[in-house]
Amino acid sequence: MRLVVVGSQWGDEGKGKVTDFLGQNADVVVRSQGGNNAGHTIMIGKEKFALQTIPSGIFNPHIKNVLANGMVINPKETLKELAGLKERGITNFQLFISNRAHVIMPYHILLDGAYESLKGSHKIGTTKKGIGPCYADKVNRIGIRMGDLIEEESLKEILSSTLPLKNKELKMLGLEELDFTTIYNEYKEYGKILKPYVCDTSLLLTEEIEKDKNILFEGAQGSMLCLDHGSYPYVTSSSPTAASVPVNAGIAPKYIDHCVGICKAYTTRVGEGPFPTELHNELGDLIRERGHEYGTVTKRPRRVGYLDLVVVNYAKRISGIDSLALMLFDVLTNVEELKICISYNLDGKEIKTIPATLKEYARCIPNYITLKPWHENINKVRNYEDLPIEAKEYIETIEKYTNIPVDLISVGPERTETIIRKDVFKK
Ligand code: IMP
């Protein structure tokens with residue numbers, strides 16, 4: 001079976017826990033787009049691991065972990081992440097990096113920061129990891145790919161034609177130019193260390209599919225951060241939707257069997273841009289503290305709001321979500337004023353979709369339904385039937401307005417603190 005996990009909001013929905021949980025039944029775990037802008041926090045027992053580039057199957061020696069062609073990879077940071085895992089005893093793992101994935105170079109990071117500063121109040125609020133400039137070079141056909149990084153001659157040839165262009169850009173932005181020899185020598189070394197992991201991952205995945213293996217495509221970011229369908233321009237530079245998985249992993253679309261949408265029981269976003277259900281009050285602060293809503297990558301406090309089902313339904317439309325995993329549900333215990341947004345009012349008209357332009361989206365006023373709170377601690381609940389009636393009503397409201405079954409409910413950060421209503425990923 002091939003299962004895709006997608007974030008159904010603005011990222012940070014708790015995909016790390018779900019992919020780790022579902023990964024127990026996976027033979028292969030794949031990341032197909034984005035780079036170290038993503039941050040997955042995984043609890044294994046009492047130990048906390050924060051992953052940025054490496055897939056969550058890395059903790060299981062039997063799982064093949066793939067960084068596919070649609071990714072942008074920072075070799076220096078990837079090696080640091082691997083060294084960090086090794087230091088904590090994770091030494092027996094299988095990792096495969098696509099020879100077609102693009103390499104994040106030092107100038108991408110500098111340019112990301114410079115463009116953000118120049119944009120002033122119009123800044124995107126990027127993670128400043130060089131993601132956008134790296135994808136821009138891919139589109140401009142001046143990128144360096146992993147296959148080039150590991151071949152000294154290719155690296156030399158491409159870098160010597162690209163760096164002068166990038167240096168012109170850096171100079172124009174008032175930044176210092178970079179020295180060819182320094183970068184070449186440094187990146188050539190990363191290439192040497194990473195070489196054993198680099199291969200044609202499209203071929204590897206297709207062979208695994210032919211062997212009928214269980215493949216989990218773990219999501220990064222969320223649907224509203226999609227370059228094509230998200231809240232543009234406040235988006236990332238790739239597409240974190242299920243539709244992007246085949247092209248970003250080099251497999252045929254017909255091989256995707258099921259899509260799980262990860263949905264936080266409320267909404268958060270980092271970075272700038274409209275957020276209709278945002279809470280600018282004590283309740284927002286309370287949820288932020290209880291849910292530890294601070295960026296894994298940037299440590300920025302996340303903006304917090306009520307659950308917005310217009311957003312979730314939009315994600316359902318563009319990704320074809322078959323089931324939902326409801327995350328951080330326990331955070332809402334004892335929240336007296338519980339609301340769920342089911343539509344917006346835009347210029348006096350009710351709408352149930354996301355408008356294309358920022359100006360229109362900023363004018364959207366949420367229409368809420370109010371729900372009754374529950375007060376019982378739900379961390380230890382493992383059967384849906386044992387949840388307080390009000391908690392079940394919250395879940396059933398989500399199902400009613402999205403027409404998607406909530407198959408998994410997370411009631412605490414640990415792997416075991418999970419209610420499974422339907423096992424979507426069987427061996
Ligand atoms: P970039 O991906 O660094 O270019 O950032 C573009 C936007 O996407 C910013 O608002 C980031 O905060 C957001 N973003 C990128 N990756 C993630 C993620 O993994 N979770 C949440 N937001 C993200």
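**Notebook: helix packing and ligand surroundings**

I looked up helix α2 (residues 75-87) and helix α7 (residues 180-194), whose axes come within 10 Å and cross at roughly 45°. The pair is therefore oblique, the class left over once angles under 35 degrees are taken as roughly parallel, over 145 as roughly antiparallel and 65 to 115 as roughly perpendicular. The model is a predicted one, in which local features need pLDDT of at least 70 and side-chain atom pairs count only at pLDDT 80 or more, while totals for chains, interfaces and linings use all residues. Residues are numbered from 1 along each chain as its sequence is written, and side-chain values use heavy atoms, with hydrogens and water left out.

I noted the conventions for these entries. Helices are DSSP runs (H or I, at least four residues), numbered from the N terminus. Axes are lines fitted to C-alpha atoms over the stretch in contact, and angles run from 0 to 180 degrees between N-to-C directions.

**α2 with α7**

I recorded the crossing of α2 and α7 as left-handed (the near helix is turned anticlockwise from the far one by less than a right angle; clockwise would be right-handed). On the α2 side I found Pro75, Lys76 and Leu79 in contact with Glu186, Tyr187, Tyr190, Ile193 and Leu194 of α7, contact being heavy atoms within 4.5 Å.

I then examined helix α3 (residues 106-119) against helix α6 (residues 152-172): the angle is about 20° and the axes are 11 Å apart. α3 and α6 are therefore roughly parallel, and their crossing is left-handed. Tyr107, Leu110, Leu111 and Tyr115 of α3 take part, and the α6 residues include Leu159, Leu163 and Lys166.

Against helix α4 (residues 131-140), I found α3 at an angle of about 120°, with the axes 7 Å apart. That makes α3 oblique to α4, and the crossing is right-handed. I listed Tyr107, His108, Leu111 and Asp112 of α3 with Ile131, Pro133, Cys134 and Asp137 of α4.

**Ligand**

I counted 15 residues around the ligand, of which Asp12, Asn37, Thr127, Thr236 and Arg300 come nearest; a residue is included if one of its heavy atoms lies within 4 Å.

- An N or O atom in the Asp12 side chain is 3.1 Å from a ligand nitrogen atom.
- A polar side-chain atom of Asn37 is 2.9 Å from a ligand oxygen atom.
- For Val270, a backbone N or O atom lies 3.4 Å from an oxygen atom of the ligand.

Technical notes. Helix = DSSP H or I, 4+ residues; strand = E, 2+ residues; numbered from the N terminus. Polar contact = N/O pair within 3.5 Å; in protein donor to acceptor, adjacent residues only side chain to side chain.
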